[in-house]
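User: I would like to go through the backbone of this model with you. Please keep the answers brief.

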Amino acid sequence: MAEELKIAFLGAGNANFGGGEGPWDHASRLEKIEGISIVGIADLNTKLAERRLAARRNGKKPQIYANTRIFADYREMLDETHPDAIFIGLPPEAHGTIEYPKDIELTCARAGVHMFIEKPLSCAPPEEVAKLADALRELADQKNLIISIGYMFRYSRAVSKMKEIIAETPGGVRVVIARYNCAYSEIASKVWWDIRRTAGPIVEQATHFCDLTRYLAGEPDLSTIFATEIKADEPAGQLCDMPVDEGGKIIDADIPIEFRIPRATAAIWRFANGAIGSLNHGVLLHRKKYLAELEIWCDGVRILLDDPYGKCHLHIRRSHSDETETLDFSDDDPYLTEDKVFIDAIRTGDSSSIRCNYDDAFGTYQLTWAIRRAAERHSKTS
């Protein structure tokens, strides 16, 4: 039996316990890992936390929740339960700086608690988040902390196969084309539609694909980014299937027009190695199913990552071939893999298998903010 680790959750929402867009929660994955005890759940909404706990105690692995306690204040949870690690799944506006009360990561690091932090790192400008990155780097070295950021696609078997093919191809990546169109009809959270509270869909949602561009093609040259967007107040920004709130009002009706999220964003840039990257993000599909694809062009090679959130497939045309082969990765669970790697790293004290630490994730954060800012600049001048 593996040595029991005491785990705490900060945030009783969908990131840690499921719901919303899909079954992508950490609690379900931790239930599949031996030697885990959930000691606490902290959320200002303690009633939600209590409902989550009750559901889990009636679920598949009730024994790991036998001694779980509910807290409104995560600091009390740290002091009273002394967790080995904490899963931070909070709205972007609630964390990610060195200033109280958003200094959550800093507080956990000072307490010597290992951290799994869901993306995005924050919604604060990267200049502020950089200060936290510096502080965490120093504390992690001092206290031998494991810090992992939730870019689960880095643990995908399909993405690992892409990296393998790229490494075998002379000259590597030449072009990256990322496409992400979300289904907006049932996104009934006002927070999501307010750029002040999430930093917008490029920072909050397209961040996964921005991260993959870096993971597969290397560092972007931020000075080369050109971007444009369709703003909510433009004719092309009027959407016909908007969700409504409990009062029957369109979900973003009370958000000042200048703070409503863009309906589409297109960006292009160069990487440091000379390759070209592009991203097209839309808030344009209806009902529930998203479109998510990432395409790589190399010399003689084309790779398409199709539906990595769901029934993932890889379509590959190899060098000196006219044919396209398809590999099925629909049985893969990169969410489980990333959690297993995090837990194993804590147990061994070896962080080398962590595929995205805080500094690496900050590079993706900078890219998403640079795209957002470039699009906003273009909108003001056009």
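User: In which loop is the place of proline 101?

Analyst: This is a predicted model, where local features need pLDDT of at least 70, side-chain atom pairs count only at pLDDT 80 or more, and totals for chains, interfaces and linings use all residues. Residues are numbered from 1 along each chain as its sequence is written, and side-chain values use heavy atoms, with hydrogens and water left out. Helices (H or I, at least four residues) and strands (E, at least two) are DSSP runs, numbered from the N terminus. Proline 101 sits in the loop between β4 (85-88) and α5 (104-110).

User: What is omega for the bond that joins tyrosine 100 and proline 101?

Analyst: Most peptide bonds are trans. The bond joining tyrosine 100 and proline 101 is cis, with omega about 5°.

User: Where is proline 120, and what is omega for the peptide bond from lysine 119?

Analyst: Proline 120 lies in the loop between β5 (114-117) and α6 (126-143). The peptide bond from lysine 119 to proline 120 is cis, with omega near -15°.

User: Is asparagine 144 buried or exposed?

Analyst: Asparagine 144 is in the loop between α6 and β6 (147-149). Its phi is positive, near 55°. Buried means under 20% relative accessible area, exposed over 50%, and partly exposed in between (1.4 Å probe, protein chains only). At a relative accessible area of 63%, asparagine 144 is exposed.

User: What is phi of histidine 320?

Analyst: Histidine 320 belongs to the loop between β13 (313-317) and β14 (324-328). Histidine 320 counts as exposed, at 83% relative accessibility. Histidine 320 is not a glycine, yet its phi is positive, at about 60°.
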